[in-house]
Amino acid sequence: MKPAGLLPITGYSICNALGPDRAAVLDSLRAGRRGLGEVPFALPFRTVVGAVRTELPELPVELAAWSNRPTRLAQTLVDQLEGPLARARARWRPERIGIVLGTSTSGADATERAFATFIKHGALPESYEFHKQHTFGALVDVVARLTGITGPAWVVSSTCTSSAKPFGSARRLIHAGVLDAVLVGGIDTLCSMTVLGFNALGALSSNPCKPFSSERDGINVGEGGALLLVERQGEGPALLEGVGESSDAYHISAPHPEGLGAAIAMQRALDDAGMTAADVDHINAHGTGTRLNDTAEAKAIFSVFGSTVPVASTKGLTGHMLGAGGATECVLSIMSIEAGLIPASVGAEPLDPELRIDVAVAPRHGPLRRVLSNSFAFGGSNASVLVRAP
Amino acid sequence: MDELRVIGVGLWLPGVPNVEAWQAGARGLTTQGQEYPAPTGLGIERRARRRAGPFSRALADAFGMAATQAHIDVTQTSAVFGSALGEVSTMLELLGQMHSDEPLSPMAFATSVHSATAGVISISAGNRGFTTSISANYDTVGATLLEAHGVLHALGAPVIVTCGDEASPAGFVDELEASDMLAVAIALAAPGSDAPVLARLRGPHLGATDQGARVPAAEVSARMGRNPQVGLLDVVAAILRGDTGEVSLDRGRGRGWCVTVLGACP
């Protein structure tokens, strides 16, 4: 596959456990301050989560029937992005702008509460409408209404690659001439089912997670979201240079032990960009903090990059944001470029000596040209996104 | 947008296990209390197949039919899966477990995710291409075809689009809106492909155009007609009938995505 060419990322927004906007998130990133804390609902075991602690705005009255935690988070993110969105709407016809978002939970939290009412009273709450509260399509409908974008709009849902893969879709749709701009991103919010599910898989840590540490014992679930505007032309904080996707063909919930699919995704991202491993200055790893993921990812990184590229996982700060993780970590990668900062891989000490990669246990400062962001998911879905300085 | 070349089709409906049965005139039963042969799921690896529910098996059957007809190497191909509701019955099973004394099943959790069937099929096929799982309510079929455009343009190799939804969950959807289970697949190639072409598709596009008469929707029950993915069945049915013209991809329930079906030869 020949290199597909650069696309400007003309704006982004972010909200997660580190803070409700770019400034707060960057402050926490610089300080290496974890956003992990108590779970806001009852559980029969101990863990910590990366919850958004700030009040989220209500939706406009005409969208009240769609109001739930993910759509209110969407409102927060759209508000932050209003300037770039307005410029894009002026630059392109609204039907030539698309929306491709990732989510793994969408309205699962609302459905959990509705189901609890159903169990107790034998009927769903009157305020609950399945198609407006639960479905993935509802989230993207709300974002379309909030942004005034009238082009094609859909959700990619592939668990932890959900919001990394939209970068590939955007790149292909713009290069194919189908669209001129695509709003990509991801939104996931906490729900009991996810936390209980990862606990059932034995993948949840009861303490703040420790990606790449010899003491790592699982993930912390996080919530939040990020939106990015990718355009055919324009100016912005970064360029989307390459995207690589692959399948592991191995197991429904475990990574290929040698990181084969992950390595293919990273190499495809480099090939898509026409770059080599030596051109990458930093990798924002998937780095979940499970024994299997971090071992497989480290092997994959070593096989493509050797041991010299600084690697950090930001999940020790935000928790694992699942369907919102890919877009969030892409924004964090752009913020790394903007700030000249490789963030500390918080929780990584003591480092696992078996992992032959250079994990940044403390922040490193200096100019960064290119950062690769990795996301890997259930079913062996892999996606790597390469962003660079403009 | 370039035209899409249709090089394979597949389908599964209750009582219509394959394209041959559809062409023989079978038009389907309902999932509501009628007996019908279960989908085989033969494309799913044996151990995973034992755990796979009817929806996963139906998608695998439709995917396999389209891939076989198109002579596609399933170890390398890219695939796009579309579903409005995903693995909704497994998710509701998990919710039930959460409200009982049962421990949550780790396998049920792993297979409750929207992309579970796509993952199972890619693992079973030994596929190292990439698979994308899409959802957009009644616009899902239009979205999958747009995504396929991008993949075909980028890779130049065929892509298999598979759309399906389970029967709508009882109690969560009004009976007048309830739908039956459906799985449909279509294998697509870019212009210049040397695979035998069944038909060409122009679009998808929003709203009607002047590119031909509206093709009648496939004759199915009202419940089946409400499945969010029935638009892809309408496309496949038009191709199998040899009809040309415009096909609605959402039967008026979404934003109005349509595609124009053209004959095999330009």
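A:Leu322 sits in the loop of chain A between α11 (315-318) and α12 (325-339). Keep in mind that you're looking at a predicted model. Although A:Leu322 is not a glycine, its phi is positive, at about 50°. Is this residue buried or exposed? A:Leu322 counts as buried, because it has 30 C-beta neighbours inside 10 Å, and the cut-off for buried is 20 or more.

A:Phe212 has a positive phi of about 70°, and it isn't a glycine either. You'll find A:Phe212 in the loop between α8 (192-200) and β5 (224-231). A:Phe212 is buried too, with 28 other C-beta atoms within 10 Å.

Now for the peptide bonds.

| Cis peptide bond | Omega |
|---|---|
| A:Glu349 and A:Pro350 | about -5° |
| B:Gly203 and B:Pro204 | about 15° |

Where do these prolines sit? A:Pro350 is in a loop of chain A, between β9 (341-342) and β10 (358-359). B:Pro204, on the other hand, is part of strand β6 (residues 199-206) of chain B.

Let's zoom out to the whole of chain A. Its secondary structure comes to 12 helices and 13 strands. The radius of gyration of chain A is 19 Å, close to the 21 Å that the globule rule gives for 390 residues, so the chain is as compact as a globular protein of that length. Along its principal axes, the C-alpha trace spans about 55 × 50 × 40 Å. Of the 390 residues in chain A, 67% are buried. Now take the contacts in chain A with a separation of 6 or more: 80% of them are between residues 24 or more positions apart.

Among the buried ones are A:Arg69, A:Pro70, A:Leu73, A:Leu77 and A:Val78. And what does the covering? It includes the strands β1 (7-16), β4 (181-188) and β5, along with the helices α4 (108-121) and α6 (136-147), in chain A.

Methods:
Residues are numbered from 1 along each chain as its sequence is written. Chains are lettered from A and ligands numbered from 1 in the order in which they are written. This is a predicted model: local features need pLDDT of at least 70, side-chain atom pairs count only at pLDDT 80 or more; totals for chains, interfaces and linings use all residues. Helices (H or I, at least four residues) and strands (E, at least two) are DSSP runs, numbered from the N terminus. A residue is buried if 20 or more other C-beta atoms lie within 10 Å of its own, exposed if 12 or fewer, and partly exposed in between; C-beta atoms are placed from the backbone. The radius of gyration is taken over C-alpha atoms; the globule rule is 2.2 Å times the number of residues to the power 0.38. Two residues are in contact if their C-beta atoms, placed from the backbone, lie within 7 Å.
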